[in-house]
Each structure stands twice: as structure tokens, then as C-alpha cells.
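Visitor: Please pick a single part of this model and give me a close look at it. I'd like to hear about the ligand's surroundings and whatever connects to them.

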Amino acid sequence: MRIFITGVTGQLGYDVLIEAVKRGHQVIGSGGRENKEIMKLFVTGVCGQLGHDVVNNATNRGHECIGSDIQDAYSGVADGSAVTSAPYVQLDITDRDAVAATIERIHPDAIIHCAAWTAVDAAEDEENRTRVDAINHLGTQHIAEAAKTTGSKMMYISTDYVFDGKGERPWQPDDKNYAPINVYGQSKLDGELAVSSTLDKYFIVRIAWVFGLNGKNFIKTMINVGKAHDTVRVVNDQIGTPTYTLDLARLLVDMIETEKYGYYHATNEGGYISWYDFCCEFYKQYGLNTSVIPVSTAEYGLSKAARPENSRLDKSMLVASGFTPLPTWQDAVRRYLQEAKL
Ligand SMILES: NC(=O)c1ccc[n+]([C@@H]2O[C@H](COP(=O)([O-])OP(=O)(O)OC[C@H]3O[C@@H](n4cnc5c(N)ncnc54)[C@H](OP(=O)(O)O)[C@@H]3O)[C@@H](O)[C@H]2O)c1
């Protein structure tokens, strides 16, 4: 069928458009912002969870996207989505000259920097620390320097781990009492500071507890564990909110289309919860009867990296700046489970 879909820049319209394309329909989308400028976007980390969804969202809105990652070619999930056939550039962001040459050649209007070392426990190993810094701190510095040369907007994706997780007060985007408690958090903070000290036109968006279709995440892992065991133990004293990359990608592209620079926090709506609450909900939705035992971080046993107890991120800056918040995490879980076919 030929289908004309209005409001494709909104959440529902976008989801309808994606579903229609997947079913093979010929789709004409209308965004309701007819004079919207088409941008050239350079997106890093497209073989990972978030970069994959960012390229798809931006491409489906008509932006020109060039994806990049360290792999020789796009190596994420082969789902036939736009990112799988979008222009792709291999780039190791630790190579300063290569970053400068690539970004100067592409000359993007904006860069959405999703590439990172994300293995939080492995980051603690002595032999990995230099590489973690080279990617998350220096790699980000290289991109910021290149963005300065080309005059491109830059968006850096960061984390609740820049804070120490003490107390119960939700962290505000402009809080400056940074005190990371693990190597990964320190490297991401150093990346933030590289961006903010190099550029004027930047967004720093802190997210937490990420799950997406293109990669490993807590939901996928725990469903596999739950299928194999009658009982699982999950920590109930680390509090935060999950972030579905499909929902976040829509917001990030909304943001990059504006000049509303600054620090933001972005997770799904639906309230602050523990990993235990999260696991109970997706087991229920999935129909798993595995029993979930709540345990403290201390009872669970030490992981290599310390993790913050208070990962509450205050998101009120989103609405105050005129952005549409993400749907609830419960709704995101429902859509993710349908989509991921676990
Ligand atoms: N995942 C979370 O729970 C979480 C929470 C808060 C914030 N964040 C932040 O959100 C962003 C997106 O996370 P994600 O979950 O989508 O990450 P991801 O799935 O791990 O993807 C990151 C991508 O970056 C690539 N990469 C690593 N080193 C690189 C290098 N030197 N040059 C170029 N690319 C390189 C990775 O390749 P390899 O896989 O080959 O290393 C991977 O494809 C990151 O900035 C992360 O720090 C994530």
C-alpha cells in the first residue's frame, strides 16, 4: 500500500512509519515542520546500541547521516533498517589525526558522539585503564577539537556515573559536584570536560541503565538467566531509571535540530526504581515465573567497579526547554520485548 503518515517527527507517527516500512508499504511521511532544515549528521558508535537508533531516527526524518565506528564496516544487527545501508566511515576515535581529517572532510552540521568504552567492570583492570581514557576522554577531546574547526554542533552522551551516588536527591543537569567512583565514570567525566572546555555549541546528555535492540543489556541477560534458573538475586539498593535507546534517539534528534545547548538528563519517564523492580517488571511482562530475590549490593558481592546507589537523574530541564519527554520505562519494556523477540 501507499500510506501517507502525518506527524512522523512525533513518537507515535515515527513508530507507525517504522512499522509500515518494515511491512513493505510505500510510505510518505510528513513531519509537521515543513521548513525544518535538513542537516548533515556524523554519528559515532553506530555498531552499538544507541548509535544504531540515532542513525535510523535521523535518516527517517530526512537528515543526511554518516555513521562511524571502529569496525571496518557496519557490524550491528542486520535488521534491514536505515543504518545498515547508510554511509559508513571506519574511524578509531583515539587517532587524533584521523578524527580531524575525517570530520574536516565530512564537514557535518552536527556530530552525535555515541562511541565509548562501556564495559564498566573491565575498565577497572590495570591493563585497560589507558585505553579507557584514550577512548572516552581523549577520543572525545579529538572530536570536540574537530567540531571546533568545522563549526559543527556537538552532542556528547554521558552518564549518571559522573556523580558519586550519595544521598537521595535527584542529580540536576547543572550540578558540578562531580565525584566518579569508578574508572569508567572518571573517563566519561573527563570527556564531558573536554567538550565543555573546547566548544560553545554543545549538548551534554546524561543517560542511565541503557537498553536497545543492538547489543547486550540487562533485560537480555536477565531473561536468559531467568530461563535457566528458578531463582535470581537482583540488587535493590541502586536506584535510577532505565533508558530505551529507541525512545532516546527521538529526543536526541529533536535536540540536535535546535540551538538549545547545555546539559540535560534523559531517561524514560515512569519513576525511580531499583534493578530489582526493573527485573520484576520485565519478567512479569515476558511471562517468566522465575523468582526474583531482592539483595543489597553488599549481599550480592563485590563487582570490580563500584556503582552509585543514587542514580536518580532529574529530567525537568527537558520540558522546561520545550522538549517532549520519553514514554514510561514500563511502556518501553513492552515495546522492547515485542521488538527484540527474546
Ligand atoms: N550502556 C549503558 O548502560 C550506558 C549508560 C550511561 C551512558 N552510556 C553512554 O551512552 C553512549 C552509548 O552507549 P551504548 O550502550 O550504545 O554503547 P555500546 O553499545 O557499547 O556502543 C559503543 C560503540 O563504540 C565503539 N567504540 C569503542 N571504542 C571505539 C573507538 N576507539 N573508536 C570508535 N568507536 C569505538 C564500540 O565498539 P566495540 O564494541 O568494538 O568496542 C561500540 O560499537 C556511550 O557514550 C555510553 O558511555 C551508556
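Guide: Let's start with α2, which gives the most to the shell around the ligand: three residues. Helices (H or I, at least four residues) and strands (E, at least two) are DSSP runs, numbered from the N terminus. This is a predicted model, where local features need pLDDT of at least 70, side-chain atom pairs count only at pLDDT 80 or more, and totals for chains, interfaces and linings use all residues. Residues are numbered from 1 along each chain as its sequence is written.

The ligand is surrounded by 27 residues, and the closest are Gly48, Gln49, Leu50, Ala116 and Val210. Being near means that a residue's C-beta atom, placed from the backbone, lies within 6 Å of the molecule or strand. Two or more shell residues come from each of α2 (49-60), α5 (129-150) and β7 (153-159). By type, the shell has 15 nonpolar, nine polar and three charged residues. Here Ala, Val, Leu, Ile, Met, Phe, Trp, Tyr, Cys and Pro count as nonpolar, Asp, Glu, Lys and Arg as charged, and the others, Gly among them, as polar.

Now follow β7 into its sheet. Seven strands form this open sheet, in the order β5-β4-β3-β6-β7-β8-β13, with parallel pairing. Strands pair if DSSP finds at least two bridges between them. The edges belong to β5 (88-90) and β13 (262-265); each has a single partner strand, so one side of each is left without a neighbour in the sheet. As for β7, it pairs with β8 (residues 202-207) in the parallel sense over six bridges. In β8, isoleucine 207 is the bridge partner of threonine 159.
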